[in-house]
Structure formats: structure tokens, C-alpha cells
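Please read them alongside the coordinates.

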Amino acid sequence: LSAFRQREAVSAIGSSNMENDISLKFHQQLFLISENLVTEDVAALKFLCTDLLPLSKLEGVKLAADIFKLLMAQAYLNAKDTFLLAELLYRIKCLSLLEKLGYTKEKVQEHLSEKGRISPYRQMLYELSENITSEMLKKIIFLLKNRLPKGRIILSALDLLTLLEKQGLLTKDNIKILEDVCMTVSPDLLETIDCYKKGKVDGVFYFNPRLDLNTCYLKFWFFLALKMFLAFFFFQKWEVILNLNQKTCSVIGLHTSEISVLLASFSIFFFSFLQTMKSYKMDGPHRGFCLIINNVNFSSSQRKGSCKDAEQLERVFTWLGLDVRTYTDLTSGEIINLMETWQHMQDHKDRNCFICCILSHGKSGAICGTDDRPVSIRVLTSHFTAKQCPQLAAKPKLFFIQACQGDKIQHPVNVDTDGPTPDLSSMQERVSLSESIPEEADFLLGMATVDGYVSFRHTEEGSWYIQALCSKLQLLVPRGEDILSILTQVNEDVARRDSPSGTKKQMPQPAYTLRRKFIFPIPMAPPPS
């Protein structure tokens, strides 16, 4: 009996140790996830958990870990069942963190209908908030100023929606206030609301904004296409047999004159839809970061006119919706350190793309720091591969380099070359452009000149390449052109230019591994210049 009790005690201790190990691993997982969530993510989690946790406790939350504690206290989250957390990460698009819980995006989607806890109403509100821009928010606040508390500072769409709920102006059964303001500010927002209402009427909720919104579109256009096909079919038959040019197609309720209009409209939609399907996603709440490295002052020279380029790039990419950061006069070591810093930037995860513009002297396959030391372009771009920067995996990464790629010296009037004073290293082996970009998808490298040649910069007006790039972006983005078409126009623009002597030319060269078309969304504001 004594031996049995000893074995039982040892078994209990072993079981307890195992449970402790599981608990420790679980808390480590939560800690790692919490550390990778920024302030915006925490605000999103708080909002999505509003129906699950007391609002009084959520209001004081500052960290994701605090939300996890509240969920565990309410038995929504434990080491054996982490699906709610997986669902939350999926909703806020932090898909890279799912693997820490042993999930994938597909696995979460598979179990949402049976295990999902976030209500369709809460999903709809969150998806709506993701599509409300800062300008839209200002307009909505203005429209509701008589219904909102005076002096209340509203920093985000989530803040506004939470406030409307507190005041009882917005509930799952009464979303009229949302419909009214969305109709005024941006009717496109109504699509998200309509999907929610449709599910509510049918009595069955499978509202997944990433899937169902597209499904709504596809159903609508499928049946419209079918209707128009039948209209066209019967119209052709009847016109031949009965010559009913202007009669009503009673089978489908359309006049023949209306059919041609609908067919034309559908054709426009269809080709636009195909183009969208083949393009990179660029409709997120945050477009992406744009880094500008502007090296002006070197030990042996000064790149006059480069500040003009940097200013123009900043204006244009800000207009295109990017968060622009400019850095001036960096040494080779500082450039590499900067790339490493942005490589590990967690905020990339909810951005659509990444852009880096470098204005400096250069050599074949390299750009120079202000210490005149070369930095391989391949080294710079390799910081942002899917392996080195998972947050940017499958997202387009664009690099624009204004720098010489050869050591030939030109001496035009008012024109400088973007190459350092030649030395013994000028005999170095040239590097092909294809070797400067990583051997994986989703990169574009726009070079001001082909390998081995200088690029030109006007000492007052800026470089030929950057000024042409900025000009063509402003002209062609509003027309819906993709980046490769735009760069082709840039090539033509620069190729037409001559130095004051009329003897010096320049030819830019793009290289890319893009898998889809890269199309900037058309800005609401007019071009900056």
C-alpha cells in the first residue's frame, strides 16, 4: 500500500510538472505575441473584445497582455483553447503571429463558422473603421458635431464608434446613423454595411469582411452578367426574326437600348475587375513607409541640387499616401544600420508596400555613404526579403536609386555627375543590375542609369531621373497606370534630355521581380505640382 501511494504521489508530481511546463509555455507565447503588437493593434483588440469583456475594465487597458489576462479571467482563453486569440489576430491582420499559437490563416478560416466569438456586428464596425481615412473621419465628426459631447477629442474611427455606442446612437439593431454619414462622406463604405444587413435579414451570419464582401460583389456581378447575356441573346434573336429594335425584352425587363448601355458598363467593370485581381493589394488603411536617403555633403564634394530631388520626392510620395521619412548625409555604416532598423520595424505588417529612395554618389552595383565608402545595392535590398523581413512578405518593395554606376567624368555646364572623384578603384569589375536585387519575388529596382555610366543632376533643378520620376507619377497615377508603365515613360523622358553641350545622354534602367501589377490608388487631392 505504501509503495502504491508513493507511485501515486510521484505520478501526481509528474503531472503537476507537466501542467506547469504547459502553463509556462502558454504564458511565454502570450508574452511574445504581446511584445509584437503596437498601440494600434491593442486599440483594435479592445474594440473587438467589447462584447466579451466589461467596458469598465477594457478602458484602462494599455497593453495586449492586459487583454489576455482579462480573457483568461473570463475563461475565454487558456492553454488548451487559444482559438479566440487566433481569431482576434486574424481579424486585425496580424497573420504572422498565428504561427506562435500553431495556427495558419487557412486553419482559422476553416473553424470560424463554428468557433468564432466575434459577432458579425463587431466585425462590421471594425472593418468599417479600417476603411475610414483621416479625412473621412474629420468629415464624419463635423456631420455629427451636434450629437457628440463638446470638447471630446476623437483620435480614430474606433474612438468614434465606441462613443456612438456609449451614447446609444449605434447598436446592432440600429445602424442608421452609420448609413447616413457613410452615404454623405463615402458611399463605398455602405458595401460593408450592406453585407452585414444582408446576413441579418437572412438570419445566417457568415460575415467575413475579407471573403463575404468579395462574395457580395461576385454574386451581384454574376447575376447581372447573366441577365445581360440573356438580354443580348434574346435581343439578337428577336431583332433578326421580328425586327424588334426598340421593343421591351419582357423576359428580363430591359429595353434594347438599355442593354447596350449595360453591356458597355459591364465590360468596363469586368476589365477593371480583372486588373484589380492581378494587382497588388493597395487598399489597406496604411499605404506604407517611404524612406529617402539624401547624401549631399561628402568629404571631397557636394551634391548640389539633391535637396530639390528630396523635397519633390517627399511631396509626391506623401500625396500618394505614404508615410515619408527623410535622412540626410549618412555614412556607409549609418546606411546599413538604418536598413537593419527598418528591416525589424513591426509596423510593416499592416502596410501595403515599402519604398526606399537613395540619392547619393555611386559605383557599379553600389551607392556611397558620405564617407565615400561603397555599400552594395544587393546588401541594401536583401534586408527586406521575406526571410529577413517577414512583415513585408508578398508585398511590393520598390527601390529608386539616383547615383552613378560608372566612373566616367562628365563636365557639362550647370550639370554634375553623381559619381565620386575617380581613384584606383575605378577599374573594379562591374556588377550587373540583376545581381543587385534579391532572387525572390516582389522587388523593383529603378536605377537612374545603366551600369557603367554616369547620371546627371542639375545643380539647381535636381537630377534628370528623379525629376522625371516625380513628374510622371503625378501625371500617370491619376490615370490608373501601373509602375512599370510609368517607368517606361520616365525612360523616354530622360532619354530625350541633353546636357547643355548637347553631347551627353542618360538612360535609366528598371529591374524587377514583381509578380503582379503595382498600381497606386488615385489620391483624392490634386498633384502637389
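1. Helices (H or I, at least four residues) and strands (E, at least two) are taken as DSSP runs, numbered from the N terminus. The model is predicted, so that local features need pLDDT of at least 70 and side-chain atom pairs count only at pLDDT 80 or more, while totals for chains, interfaces and linings use all residues. Residues are numbered from 1 along each chain as its sequence is written, and side-chain values use heavy atoms, with hydrogens and water left out.

2. Most residues other than glycine have a negative phi. Ala 75, placed in the loop between helix H4 (64-73) and helix H5 (83-91), has a positive phi near 65°. Ala 75 is exposed, with a relative accessible area of 57%, where exposed means over 50%, buried under 20% and partly exposed in between (1.4 Å probe, protein chains only).

3. Asp 372 also has a positive phi, near 70°, and it lies in the loop between strand S7 (366-368) and strand S8 (374-376). Asp 372 is partly exposed, at a relative accessible area of 26%.

4. Helix H7 (residues 120-131) has 12 residues and reaches 17 Å from its first C-alpha to its last, close to the 16 Å expected at 1.5 Å a residue, the expected span being 1.5 Å times one less than the number of residues. Of the 12 residues of H7, 11 are buried, so the helix is largely enclosed by the rest of the structure; among the buried residues are Arg 122, Glu 127 and Glu 130.

5. Helix H2 (residues 39-48) and helix H9 (residues 157-166) pack at an angle of about 25°, with their axes 11 Å apart; axes are lines fitted to C-alpha atoms, for helices over the stretch in contact, and angles run from 0 to 180 degrees between N-to-C directions. H2 and H9 are therefore roughly parallel, given that angles under 35 degrees count as roughly parallel, over 145 as roughly antiparallel, 65 to 115 as roughly perpendicular and the rest as oblique. The contact (heavy atoms within 4.5 Å) is made by Ala 43, Ala 44 and Phe 47 of H2 and Leu 158, Leu 161, Thr 162 and Glu 165 of H9.

6. Helix H17 (residues 464-476) and helix H18 (residues 483-496) pack at about 135°, with their axes 9 Å apart, and are therefore oblique to each other. Residues that meet across this pair include Trp 464 and Leu 473 in H17, and Ile 483 and Asp 493 in H18.
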